[in-house]
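Hello,

Here is the structure I said I would pass on. Please open it beside this email and follow along; the notes below go through what was found.

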Amino acid sequence: MKIKDFGKRLVNSVLPVLLAFVIGGIVILMIGENPLDTYGILLGKSLFTAKGFLNTLHYASPLILTGLAIAVTFKANIFNMGVEGQLLLGAFFAGIVGTSLPASLNPVAARLICLAVGILCGILFALVPAILKAYCHVNEMVVTLMLNYAMIKVLEFLATGVFRDYSSGYVCTPIIKENAMFPRIGDSKLTMFFFVAIFVFIIMYIVMNKSKLGYEITAIGKNPEFAEATGMKVHKKIMILMIISGALSGLAGAGYMMSEQFKYTLSFSGNPGLGWDGMLIALLGGHSPIGVLIAAIFYSALKTGADHINLYSTVPKEIVSVIQGLIILFLAVKFVDEHTNIRERLLRKKTSKPETTISEEA
Amino acid sequence: MSIIKTIDLTKKFGDFTANDKINISVEKQEIKCIVGENGAGKSTLMNMLYGLLRPTSGKILLHDKETEINGPMDAIDLGLGMVHQHFKLVPSLTVYENILLGTEIKKSSKSPIIDRKKEIDEVTKLIEKYKFELNPTDKIEDISVGGRQRVEILKMLYRNVDILILDEPTAVLTPQEVDELFVNLKELRAQGKTIIVITHKLREVMELSDSVTVIKQGKVVGNVLTKDTSEEELAQMMVGREVVLTVQNTAANKVMNEVAYQVEGVCTINDYGKEVLQDISFCVHKAEILGVAGVEGNGQSELVKVLTGIMKATKGKVSIDGKDITNKWPDELRQDGLGIIPEDRYAQGLCGTMSVADNCIAGYHGDADVCKFGLLDKKNINAKRDRFMKDFDIRVGDINGNVGQLSGGNAQKIIIAREFESNPKMLLACQPTRGVDIGSIEFIHKQILNFRNKGNAVLLISSELSEVMSLSDRIIVMYKGKIIGELSPKDVSRSEIGLLMAGIQK
Amino acid sequence: MDIIGNILYDTVYHSAPIILCVIGGIFAYKANVLNIALEGMMLIGAFVSTLTAFLTHNIALGVLFAMLAALAFGLVFSVLGVTFKGNVIIIGLALNLLASAIAKFVLVRMNTSNITLSFMNVADLKIHIPVIENIPLLGNILSGHPLITYISFIGIFVMWVLMYKTKFGVYVRVVGENEDAAKSIGLKTDFYKYVAILIGALCCGLAGANLSTERLGLFTNDMTAGRGFIAIAAIYCGQGSPTLSAMYAVVFGLARALSVNLSIYAGPAAGLFDVIPYVIMVCVLTAVSIVKHKNNKIRGFKNE
């Protein structure tokens, strides 16, 4: 049973990826390039060289966190689409604090303060949709999406005005102080931030798989009425989950600021943005922490590999965004599960009407 | 000449034979009742007649001609209409729109616009022809359940069916609505229609039908004319042995004077602001079962929701052993000693897509024996599940599988095991045996009585009047969100309670 | 006086694409399919229309291809969401990402960051209605808009008739409200869902063409900036009524017009005015939800 389940999940995750790569391959063929070569460059350097792999892990760090941030809410059927906005806000103020700290401050303290600020900002921004959902039944999906746009505009305003670094030729905030930066380990880009992310991953693994809260997340996601009737106080759990999600997003933003970007620019999070990447990762990983970890590393490999594509071929690296979109698209359809499930469900529908229930005693 | 006839009709679901060589024959212009226990295979049979299920083998003869029915539309074209237990109506549309759904009348054959006036005229004529009581322009969401059922029947009649199948038509009706329905059905028979009614209520069979077919475990076990039989005989055929429909409610039990659970002046409103519970007050003593009788939809559902903490009361007070528990949340109620058997098993009691073990701890998943420092103890949880299965004779196909695979009786036993586990002082049992096989019904009834005999209090809410009457020490009757009477089951007859359930006070 | 005129004009101007999305999205909403791909359908419409016009110098062809592209997206949505029963929210998001990714990919291949239609002047596309254009204020509202803007407002009425007066509209609502009822009278429920989604796609394609080609003669990536989601919010607020939802779309148009016109006076804080529409929609959504749940005494949440 367990192995069968695992196999099903594997097929459901791998098949969409393969399909997306096939279609991506066709697109590459159409612009006159060899898809296999392109994919070789895409994944070869980022996964199969030591330095490349460490870089991949480096870029995976924020993705692990945003992936977990999405997974923890999506699993409970709460659609927190605001991870991107929460991440940006956390990053922005972690960056501002990082520039204004005294240079003499102990580096560990400085980094902890910056991370804490990021986490706090993420939580505060997540609280808005959380309160609206938990106490006013407002659809959290629409609200978080709207607030994302609003937040991007606000940060744009702050970055171009109040906090702008006028010595730079383009819109950005000042670079954070050295004591707030995560230094590189060895000659790769890897920093302590990766280990922070792994530490958080372990905690989230325990929370989601072993804890009372994890049990409640599953129950709320599967049947909210049952969850409420068995005393799980769903509105409080929504608040808690949104706070966790916001904290993870804020941490991701702060960490990315302190380990990679060092200043806020208008394209800080890239396109489509670390928060949106997180969604792909959560879906790819089936909302399970281990799945998220693997998916984050795989996706980070795609991202770092995309830069190599630009260097070594004429295929625009944007092909990776197209593949990403296709993966999510195909992930929406559960190829194995859904079909067998549909059959099972139809059968059960007909057999489990009160009249025809197959009872053990019958 | 029979209008519809089946020959050796068989339906198998995998290894399970739901219908085994069923032979029935319905005469023109008769009212035929098909009776049987839950799970006997009545609905399977009807679904085959209506084209919703394909027979595994056997034949269906319509007007003595072998006919293949490939779906509801096909059935309707062949003159066979069905009124389902769960109505297939659209609440935001009007009566006439629902009746004409799919056969709308347009202003002209080319115009895309619907001709409202002509539609209303047409439906008004139809309503008059069959002497039904309905207003064509009312919205479905505003009319009574009985009214909705009449709309369903008219929907079929408009399509000129001459055989009408009704699946458990009286389940959701008040006694008066049942009477009205019977009048309507007899009028239809007089106008030449043939009617097949599926039911398990034997009194109604006697009152309504011309002939009866009894089904047991997928087989026909009796074919009789109604005038030649009796309720008792039918019951015996249905179950296959002398039926003790009433569990022995031991006379030895003595209700104590001490109040265990008290409800005072509880009110609440629905989404539209309408008061659905009005000033509900009662108390349950120690070692007492208080039964709540009433036709479904008279506020029992809301009362249970309020008492189990999933709905808020706007006014009033609830207390257990003198402790105020008004509007507390379900987890707090359980901590205060309330055991809950909820109304809808798979909505509030169990999660069909979670494992048996996970369901065994639901509601008590924070208790010290399974949860330490916020972490769940898998070993203890599995041990608990195994103990439940042994103690309560719960039969599970795949022990690691989901609860959804279980039969009604076994699923209900999980809830009962779980709720009794924490030694509650008071049990709130709502529809405890709905959709449960007879064996499990007996078991569950015994459990409830034992619980009471140990000196605990029970509030039993059920739409099965016989269940309420046989188990309760005292009965209150709900009608339109109010308690309109309190009686002792020993001193009253069914019909007296029936009158109260219909809102008629002496 | 001038500023009021400008605000009114801009209100109509900014409302049009959202109204189109709203009336398109309403059918899917009524058919009980949450179509959050409105955004992506609009973006792909905007992109394809400008690209086609750029390549062919033919605006009509641009609009046509915009609708076809959006229809293709709608078809993907329907096949995966209705036929294969995939999660429509995820499909919607994927299409949104995909629209942006495709546009970016092509833009990079073309070595440009945006497409400008230099062969034409958008002012020429505006329709000036004689007499009315000279009436103050009313002239601002009714005259001087491009064709699709007029279509969008007429569309509200057309959709209302389609939804409430025709068989098709009734059936879509039946499918959305009680699928069993629809099946019991032999309706092919999937067909109505398909059509509802495709109508939405068509409208979004038009909205996209209006947004880029017709109004600005320019395409920049992600120029839809959440208008699709605002349309969804408007549908939610209006609870699926074409007129009421369209009204909320106009509210957004007004907020946008205010932010554009007032920013002239605001100086550096101008950027913040762009936040107003989003915040207003969140407030409206909250207010509607509070009113809707005013009498709700049942605790907990339902899976939506």
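Helix pairs in chain A

In chain A, helix 11 crosses helix 13 with a left-handed sense. Please keep in mind that this is a predicted model. Helix 11 covers residues 274-284 of chain A and helix 13 covers residues 319-331 of chain A; their axes come within 10 Å and cross at roughly 40°. Helix 11 and helix 13 of chain A are therefore oblique to each other. On the helix 11 side of chain A, the residues that meet the partner are A:Leu280, A:Leu283 and A:Leu284, and on the helix 13 side they are A:Gln324, A:Ile327, A:Ile328 and A:Leu331. Sorted by class, this contact of helix 11 with helix 13 of chain A has six nonpolar residues, one polar residue and no charged residues.

A second pair in chain A is helix 3 (residues 50-74) with helix 12 (residues 289-312). The axes of helix 3 and helix 12 of chain A are 7 Å apart, and the packing angle is about 130°. An angle over 145 degrees would count as roughly antiparallel, and helix 3 and helix 12 of chain A are therefore oblique to each other. Their crossing in chain A is right-handed. Among the residues that helix 3 of chain A brings to the contact are A:Gly52, A:Asn55, A:Tyr59, A:Leu63 and A:Gly67. From helix 12 of chain A the contact includes A:Pro289, A:Val292, A:Ala296, A:Tyr299 and A:Lys303. By class, the contact of helix 3 with helix 12 of chain A has 15 nonpolar, six polar and one charged residues.

Chain A as a whole

What does the secondary structure of chain A come to? Chain A has 14 helices and zero strands. Its radius of gyration is 22 Å, close to the 21 Å that the globule rule gives for 362 residues, so chain A is as compact as a globular protein of that length. Taken along the principal axes, the C-alpha atoms of chain A fill a box of roughly 80 × 55 × 35 Å.

An unreviewed UniProt entry lists "transmembrane region" for chain A at residues 12-32, 52-74, 86-103, 109-132, 190-208, 238-258 and 279-299. Two of these spans can be looked at in the model. Residues 109-132 of chain A are 100% helix and 0% strand, with end C-alpha atoms 35 Å apart. Residues 279-299 of chain A are 81% helix and 0% strand, and here the end C-alpha atoms lie 11 Å apart.

Chain C has 13 helices and four strands. For its 304 residues, a compact globule would have a radius of gyration near 19 Å; chain C has 20 Å, which agrees. The C-alpha trace of chain C spans about 55 × 45 × 40 Å along its principal axes.

For chain C, UniProt (again an unreviewed entry) places "transmembrane region" at residues 12-29, 36-55, 61-81, 88-107, 147-164, 191-212 and 272-291. In the model, residues 36-55 of chain C are 90% helix and 0% strand, with end C-alpha atoms 30 Å apart. Residues 191-212 of chain C are 100% helix and 0% strand, with end C-alpha atoms 32 Å apart.

Within chain C, helix 6 (residues 147-165) and helix 9 (residues 189-216) pack at an angle of about 150°, with their axes 9 Å apart. That makes helix 6 of chain C roughly antiparallel to helix 9 of chain C. The crossing of helix 6 and helix 9 of chain C is left-handed. Helix 6 of chain C contributes C:Ile148, C:Thr149 and C:Ile151 to the contact, and helix 9 of chain C contributes C:Leu206, C:Ala209, C:Asn210 and C:Glu214. By class there are four nonpolar, two polar and one charged residues in this contact of chain C.

How many residues of chain C are in contact with chain A? There are 45, and they touch 44 residues of chain A. Helix 4 (88-109), helix 10 (227-237), helix 12 (270-273) and helix 13 (275-292) of chain C each supply at least two residues of this side. Helix 4 of chain C gives the most, with 15 residues. By class, the side of chain C that touches chain A has 29 nonpolar, 10 polar and six charged residues.

Chain B

The secondary structure of chain B comes to 17 helices and 23 strands. A compact globule of 506 residues would have a radius of gyration near 23 Å, and the 25 Å of chain B agrees. Along its principal axes, the C-alpha trace of chain B spans about 70 × 50 × 50 Å.

Regards

Notes. Residues numbered from 1 in each chain as written. Chains lettered and ligands numbered in written order. Predicted model: local features only at pLDDT ≥ 70, side-chain atom pairs only at ≥ 80, totals over all residues. UniProt positions renumbered as here; feature names shortened; annotations may be inferred. Axes fitted to C-alpha atoms, helices over the stretch in contact; angles between N-to-C directions. Parallel < 35°, antiparallel > 145°, perpendicular 65-115°, else oblique. Left-handed = near helix turned anticlockwise from the far one by under 90°. Contact = placed C-beta atoms within 7 Å. Nonpolar A, V, L, I, M, F, W, Y, C, P; charged D, E, K, R; others polar. Rg over C-alpha atoms; globule rule 2.2 N^0.38 Å.
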